[in-house]
Amino acid sequence: MPEDRARYVDSLFGLENRVAVVTGGSGAIGSAVALALALAGARVVVLSRGREAAEGVASDIRARGGEALAVPADVLDRDALLAARDRVVDRWGSVTTLVNAAGGNLGAATVPEGADVFAMSPEGFRQVVDLNLTGSLLPSLVFGEAMVQAGDAAIVNVSSMASGRALTRVAGYGAAKSAVENLTRWLAVELGRRYRGAIRVNAVAPGFFIGAQNRDLLLEPDGSPTRRGQTVLAHTPAGRFGETADLVGALLWLCGPAARFVNGVVLPVDGGFSAFSGV
């Protein structure tokens, strides 16, 4: 019975013989996802602009018995992505999984507290939209070609709670993630119809997770929540900020065989934030 149970669980959630590319693979979310994919059996490509940072994540995976390859590339550079794809296919023969974790907010696109909204930087707005939207599109187009050939493939984009509900001060980020969700559905429809289910496209929408980009917005130096952080927690039924461990389970499900008939969805991982009206 234990062996039967293990085989059944593995048939749903195991990623043996998969080749997974994680963009933004050296970031807080990307590195956690890369490790989780490797522990589930996938060969993992850690793709990041910084060679040293990518190699650090790949080395950690290898130290835990996984297979990992560090590949430096900018998600906004199509030629660099093509070279990365060729390197991966030459090494492991195919690509079956893509997690677009590159993205995030930029200081130039954030309206300072109490500042004039009409003074918002259009250039900062464009930069954050480009990073999140084009930075999800280009890897999907480049690696997607190889994934269609492999079949039974999955793309997972990373959206945000800022997509569905307006959050003060981060207009560019919210608009960018809204576009990522629309792109997710569009790719799911186009690729699903054209290639008959050979490739699925879904997204996760994390709630409030503490990272380098938002730490100062949500936490005081002593670790207590800021006024903004208190507001977030008051609107999160779980009563806490998210942790990367909360996110990787959803990502593994969307990447694996258990979700083979799930296509074009955006899955909230937010402690109930999106369900709560505030009343």
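**Salt bridges, cores and a helix**

Trainee: How do the side chains of Asp86 and Arg85 meet?

Mentor: In a salt bridge, 3.9 Å from N to O. The term means a side-chain nitrogen of Lys or Arg within 4 Å of a carboxyl oxygen of Asp or Glu.

Trainee: What kind of model is this, and how are residues numbered?

Mentor: It is a predicted model: local features need pLDDT of at least 70 and side-chain atom pairs count only at pLDDT 80 or more, while totals for chains, interfaces and linings use all residues. Residues are numbered from 1 along each chain as its sequence is written, and side-chain values use heavy atoms, with hydrogens and water left out.

Trainee: Back to the pair. Is Arg85 buried or exposed?

Mentor: Arg85 is buried, at 15% relative accessible area. Asp86 is partly exposed, at 42%. The cut-offs: buried is under 20%, exposed is over 50%, partly exposed is in between, with a 1.4 Å probe and protein chains only.

Trainee: Which residues are linked with them in a network?

Mentor: Arg85, Asp86 and Glu145 form a network of salt bridges.

Trainee: How many salt bridges does the count come to?

Mentor: 8 by this rule. One of them joins Asp152 and Arg18 at 3.1 Å, N to O. Asp152 sits in the loop between α5 (122–150) and β5, and Arg18 in the loop between α1 and β1, so the pair ties together parts 134 residues apart in sequence. Helices (H or I, at least four residues) and strands (E, at least two) are DSSP runs, numbered from the N terminus.

Trainee: Where does Arg18 stand, buried or exposed?

Mentor: Buried, at 12% relative accessible area. Asp152 is partly exposed, at 42%.

Trainee: What does Arg240 pair with?

Mentor: Asp246, with the closest N and O atoms 2.9 Å apart. Arg240 is partly exposed at 40%, and Asp246 is partly exposed at 30%.

Trainee: New topic. Which residues of the largest nonpolar core touch the most other members?

Mentor: Val22, Leu37, Val44, Val46, Ile61, Val99 and Val204, out of 35 residues. Several elements each supply at least two residues, among them β1 (19–23), β2 (43–48), α3 (51–63) and α9 (244–255). Helix α2 gives the most, with 7. A core here is a set of buried Ala, Val, Leu, Ile, Met, Phe, Trp, Tyr and Cys residues joined through side-chain atoms within 4.5 Å.

Trainee: What does Val204 touch?

Mentor: Its partners include Val156, Leu247, Leu251, Leu254 and Leu267, not counting residues up to four places away in sequence. Contact means heavy atoms within 4.5 Å.

Trainee: And Ser136, which residues is it in contact with?

Mentor: Asn100, Leu131, Asn157, Val180 and Leu183, leaving aside neighbours within four places in sequence. Ser136 lies in helix α5 and is buried, at 2%.

Trainee: How far does α6 reach from its first C-alpha to its last?

Mentor: 35 Å over 25 residues (171–195), close to the 36 Å expected at 1.5 Å a residue. That expected span is 1.5 Å times one less than the number of residues. After α6 comes Arg196, with a positive phi near 55°.

Trainee: Last one. Which residues form a nonpolar patch on the surface?

Mentor: Tyr8, Val9 and Phe13, with about 310 Å² of accessible area together. Val9 lies in helix α1 (residues 2–13) and is partly exposed, at 43%. Patch residues have over 30% relative accessible area and no salt bridge; like charges are joined within 9 Å, nonpolar side chains (Val, Leu, Ile, Met, Phe, Trp, Tyr) within 5 Å. Areas use the Shrake-Rupley method with a 1.4 Å probe; for residues, only the protein chains shown count as cover.
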